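Q: Could you take me through this structure, one feature at a time? I would like to learn how to read each kind of description.

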Amino acid sequence: MKRFTFNKATFKSDALGYASEIGWMVLYTIALFLLTWIISVIPW
Amino acid sequence: MVKKSVVFVFLILLFTVPVHASKWTINELVENADLLDGVVVTIEAEAIGEVLERGDFAWVNINDATNAIGVYVPIAEAKKIKIFGDYKHTGDTIRFSAVFHNACVEHGGEMDLHASSISIVKTGSSTDHPIDPMKVVLFGFLAFLTLGIGVYFYHTVKPKRVHGHQSEDETE
Amino acid sequence: MVKEIKHPTLGIISYYTGYIIVGMSLFMIFPALVSTIFGEWNVVLDFLISLFISLSLGMTMVLFGRNTRLQNGKLMWKHGFVVASLSWFVLMFLCAIPYLLSGHMNSLLDATFDVMSGFTTTGVFLLQDLDHVSVGLNLWRHMLTFIGGQGMVVLALSFLVREMAGAYKFYVGEGKDVALVPNVRGTTQIIWIISLVYLVIGTIVLFINGVLIGLNPTNAFFHGLYIFMAGWSTGGFAPNLQNIMYYHSFSYEIVTIVFFVLGSMNFGLHYAIIKGKKMEFLKNIEMQSFIISSFVGSAIAAVALAKSGLYTDSISLFRRVVYNIVSANTTTGFGSIFARQFILEWGPLGMLAITIVMLIGGSACSTAGGFKGLRVGIVVKAFFADMRKLLTSERRVKIEKYHHIKDMVLDDAIVRTSSMIIFLYLLMFIGATMLGAYFGYPVVDSMFEAASISGNVGLSVGITATTMPSAMKVYYILAMYLGRLEFLSVFALIGVMAQGVKTWLKRA
């Protein structure tokens with residue numbers, strides 16, 4: 001079984017990867033909210 | 001059908017609201033949310049979890065065995081509740097009159113209750129969970145059994161595992 | 001003492017299933033420890049009793065099949081499938097023991113129902129008096145859904161069994177068919193590392209949020225842990241009856257949206273993004289499918305509810321309508337309204353929108369259920385490709401492609417498998433709807449519940465209750481199980497059992 005070794009460069013790029021995933025989620029949620037807002041202002 | 005129930009609810013309200021608001025269960029509130037929107041209702045239920053403080057007000061979650069709902073009350077009122085329901089406690093039973101909202105604009109459309117005061121009708125208590133002696137016996141028996149199998153397992157399976165070579169996984 | 005089994009198939013199955021049972025039962029130590037800390041002595045006993053029963057059974061099964069060890073590499077596809085489905089089935093009973101001993105369940109059937117709902121990350125429950133459940137049992141409920149979601153068979157095997165030739169077969173058997181790195185142990189490790197990294201991030205974020213909304217720190221930690229586990233695994237359990245409404249917090253809801261949408265994403269996609277392919281999020285066929293279905297579903301439901309006049313501002317619409325749609329689409333099942341509100345207030349259009357997104361579900365190789373975005377995307381793409389073929393000259397043969405981590409050829413085989421599984425889901429859904437109708441529930445209600453169960457979602461309109469007919473409970477358990485393992489494994493189990501019966505009949 002391969003042991004895990006701490007690698008600073010990998011850690012940094014992985015952290016960036018996780019951050020970008022969360023970033024996408026924030027964008028997704030904002031877009032969803034904008035859609036809701038548009039629907040709420042239209043008088044149905 | 002709908003009209004009939006409207007009339008029915010109004011009749012109830014007509015006779016009971018002026019004296020003191022009519023008593024409802026939480027499920028009845030959910031079921032008649034449309035008709036009861038903005039109406040003052042009386043609820044009696046157990047306070048559960050803990051008080052969630054929000055500035056001058058606080059949320060108290062209550063459960064009356066039919067369902068659970070949040071009540072928005074002034075913080076001083078919420079402080080009256082000493083015991084909240086959880087595994088180790090039966091919470092205080094509180095009684096209050098509150099305005100019912102089907103979709104509360106102030107709270108993001110939540111179905112909730114806004115009360116200005118609450119009273120405690122029954123103090124909660126801590127719940128005993130006495131240990132069943134049979135459980136202890138069962139525990140002892142199973143402990144020995146597992147130990148026995150474990151020892152046998154260790155001697156039969158464990159030592160030979162060293163010889164089993166580790167092969168690479170295949171993927172296709 | 002224990003006789004070895006000479007029959008090779010039975011031996012192999014017994015050996016690996018035994019190891020999985022041993023592995024899963026070791027997890028019972030965690031709730032036992034937590035209950036010790038909180039002084040819930042009764043619960044500690046419950047978990048230790050369950051632990052001993054499961055350990056004894058698991059070790060005995062390994063002993064029965066111990067000669068398997070010597071004949072490496074003879075693992076066939078059917079073994080992988082059978083072991084995966086059999087261990088889920090056996091574990092359903094073993095993991096139900098703490099539930100039963102807690103006194104919160106009305107029957108063994110109810111307890112197994114709750115466990116299967118946890119394993120399959122569905123989230124419906126028959127547990128009584130949830131608001132008075134011990135910390136230990138609550139931890140156990142959420143652990144089941146978290147571990148079940150990431151794949152417990154593979155987890156147990158990759159830690160406990162040295163000889164992992166053919167592990168890929170178990171892995172596919174459990175409904176995860178992406179190979180991130182060339183060996184399964186590596187892939188499993190990556191899946192678990194991603195999940196655990198998010199477990200830490202999610203618990204911290206929810207803990208901070210919990211303290212800010214007025215939970216005391218201890219509760220904030222446990223609620224954060226529970227809600228993260230239930231959200232990430234798209235399970236939808238919560239420690240209190242009110243589900244996500246217990247917190248009365250917009251911010252708490254937003255944080256859960258982030259984590260359950262992340263949880264519904266394909267682990268292959270996570271891996272690609274984490275390794276630097278950031279734009280993969282938009283290019284991926286599954287994300288495209290999910291974004292379209294969640295946006296269209298949200299729009300339809302929001303329009304329906306805005307038109308009804310119930311919710312007039314955007315925040316209400318977002319928190320009460322869009323939240324539930326996204327929760328349904330990712331097959332999570334956190335609910336921000338009361339179950340009966342769906343029936344009483346959502347109207348036919350709203351109900352239809354949420355039922356459809358529940359059936360579509362999240363991504364393949366994630367913790368989500370449903371048809372899966374990948375399959376829907378592939379079938380839709382194939383449909384348009386065929387249309388184009390009809391309209392253009394027959395000479396020009398164009399190879400159709402779809403993008404999933406890398407460009408892949410849209411061949412007939414993949415289209416066929418995808419449509420077959422969608423078809424099976426639909427059959428199961430129709431069956432559940434009809435069963436509900438048979439027992440006298442309104443059709444729209446039973447459709448909603450059927451979609452929720454077949455897609456492993458966990459939203460409910462109130463049909464799932466301890467009072468519902470036992471036949472429905474059994475069908476629901478089966479539907480959750482089949483839906484989660486995506487049919488093949490369970491069919492293999494049935495096939496092997498039928499074979500066994502046949503040989504046994506011949507001998508007799």
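Q: How many helices and strands does the secondary structure of chain B come to?
A: Keep in mind that this is a predicted model. Chain B has 5 helices and 7 strands.

Q: What share of chain B is buried?
A: Burial here is a neighbour count: a residue is buried if 20 or more other C-beta atoms lie within 10 Å of its own. In chain B, 35% of the 172 residues are buried.

Q: And what percentage of the residues of chain A count as buried?
A: Chain A has 44 residues, and 20% of them count as buried. Its secondary structure is 1 helix and 0 strands.

Q: Which domains does the assignment give for chain C?
A: Domain 1 covers 8–263, and domain 2 covers 278–468. Their centres, taken over C-alpha atoms, are 25 Å apart.

Q: How many residues of domain 1 of chain C are in contact with domain 2 of chain C?
A: Interface size is often given as the accessible area lost when the parts come together. Here we count residues in contact instead. Domain 1 of chain C puts 31 residues against 24 of domain 2 of chain C.

Q: Which elements give two or more residues to that side of domain 1 of chain C?
A: They are helix 6 (108–119), helix 7 (135–150) and helix 12 (250–263) of chain C. Helix 12 has the largest share, with 7 residues. By class, this side of domain 1 has 10 nonpolar, 17 polar and 4 charged residues.

Q: How many residues of chain C are in contact with chain A?
A: Count each side separately. Chain C has 25 residues in contact with 19 residues of chain A.

Q: Which helices of chain C each supply at least two residues of the side that touches chain A?
A: Helix 12, helix 13 (267–274), helix 15 (285–308) and helix 16 (314–329) of chain C do. The largest share, 7 residues, comes from helix 15.

Q: By class, what does the side of chain C that touches chain A have?
A: This side has 17 nonpolar, 4 polar and 4 charged residues.

Terms used:
Residues are numbered from 1 along each chain as its sequence is written. Chains are lettered from A and ligands numbered from 1 in the order in which they are written. This is a predicted model: local features need pLDDT of at least 70, side-chain atom pairs count only at pLDDT 80 or more; totals for chains, interfaces and linings use all residues. Domain bounds come from an automatic or database domain assignment. Two residues are in contact if their C-beta atoms, placed from the backbone, lie within 7 Å. Helices (H or I, at least four residues) and strands (E, at least two) are DSSP runs, numbered from the N terminus. Ala, Val, Leu, Ile, Met, Phe, Trp, Tyr, Cys and Pro count as nonpolar, Asp, Glu, Lys and Arg as charged, and the others, Gly among them, as polar. A residue is buried if 20 or more other C-beta atoms lie within 10 Å of its own, exposed if 12 or fewer, and partly exposed in between; C-beta atoms are placed from the backbone.
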